[in-house]
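Take a look at the fold below.

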Amino acid sequence: MSPASLLFRSVTPCKPCFVHRASPSLRSPKLSPRTIVRVSAKDDPDKPPTKTFSREDACKILGVGENASFDQIMEAKKSLLAKSGSDGERASDIEGAYDTMFMGAMQKRLGGSVSQQVRFADVPSQKPRKAPAPKFALPGGLSVNSPSKSDINTQVPIYATLAVWAIVQVLLEGQEAQVSDTAGLQIALALIYAGYTFKKTKGMDIGKSIGIPFVLLIVGTILGSGIENWLRVDIVPIGNFAAPGVLVSEFAIIAVALGSLFVI
């Protein structure tokens with residue numbers, strides 16, 4: 001063979017090479033992020049398949065009652081698995097019994113016997129809550145309701161202080177001065193505090209925050225005047241107390257306090 005022919009053969013391109021591609025049947029399936037791959041007992045030859053038992057047999061295997069709670073079932077399973085050691089057959093029975101009990105609980109949930117909001121189907125039913133006391137409707141979109149504990153702890157000491165202050169002040173006066181005393185300062189402070197409470201604590205508008213305390217003041221004054229006309233402390237003093245105006249003011253302060261607590 002001549003050198004030219006050898007050179008020609010050395011630069012002659014070879015046959016096209018083909019890249020081997022696996023057939024679609026041999027390609028790995030693409031798993032979406034939500035794909036769940038289940039591994040059965042067949043994929044693990046060393047692990048015996050999980051058995052299925054009746055609920056009665058499952059209770060006997062786990063040593064629990066039919067109405068056992070989830071925590072009791074889980075505790076029994078863990079304890080028995082720890083004791084089974086390397087006994088694969090025993091472990092398979094325990095797992096199967098646990099699955100039976102768990103599926104029974106799930107059937108209760110799916111059947112609607114247990115609310116979907118609870119975590120396990122064996123959660124004991126709670127006692128029905130007592131319905132809140134009905135509100136007493138008042139004109140102007142207002143209502144009467146029980147005060148919160150924080151409102152009681154905050155407001156009662158303030159109104160009580162104003163009421164006691166008015167009585168102590170009048171007892172320190174002479175009987176003639178008591179007749180003309182009306183505890184005006186204490187009433188004014190009670191009205192200011194009530195208006196603040198309605199505005200800041202109960203979120204009422206400025207009109208109601210001012211108007212409601214004055215309405216309560218009028219109601220208390222009318223009630224106190226009726227009691228004063230019956231007692232006539234200016235004529236028949238109660239001990240050293242002979243101030244009809246202060247007696248009426250006491251009922252006015254009490255009315256404002258009750259309204260500030262109960263009216264919303």
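Tyr98 sits in helix 4, which covers residues 88-110. Helices here are DSSP runs of H or I with at least four residues, strands are runs of E with at least two, and both are numbered from the N terminus. Tyr98 is buried, at a relative accessible area of 12%. Buried means under 20% relative accessible area, exposed means over 50%, and partly exposed lies in between (1.4 Å probe, protein chains only).

Which residues touch Tyr98, beyond its neighbours within four places in sequence? They are Leu62, Phe70, Ile73, Met74 and Lys77. A contact means heavy atoms within 4.5 Å. Take Leu62: 36 residues separate it from Tyr98 in sequence, yet their C-alpha atoms are 7.5 Å apart.

This is a predicted model: local features need pLDDT of at least 70, side-chain atom pairs count only at pLDDT 80 or more, and totals for chains, interfaces and linings use all residues. Residues are numbered from 1 along each chain as its sequence is written, and side-chain values use heavy atoms, leaving out hydrogens and water.

Now move to helix 6, residues 175-180, where Gln178 is found. Gln178 is buried too, with a relative accessible area of 2%. Setting aside neighbours within four places in sequence, its contacts include Val170, Leu171 and Glu173. Others among them are Asn240, Phe241 and Pro244.

Step back to the whole protein. It has nine helices and two strands. From the N terminus, the order is α-α-α-α-β-β-α-α-α-α-α. Of the 264 residues, 29% are buried.
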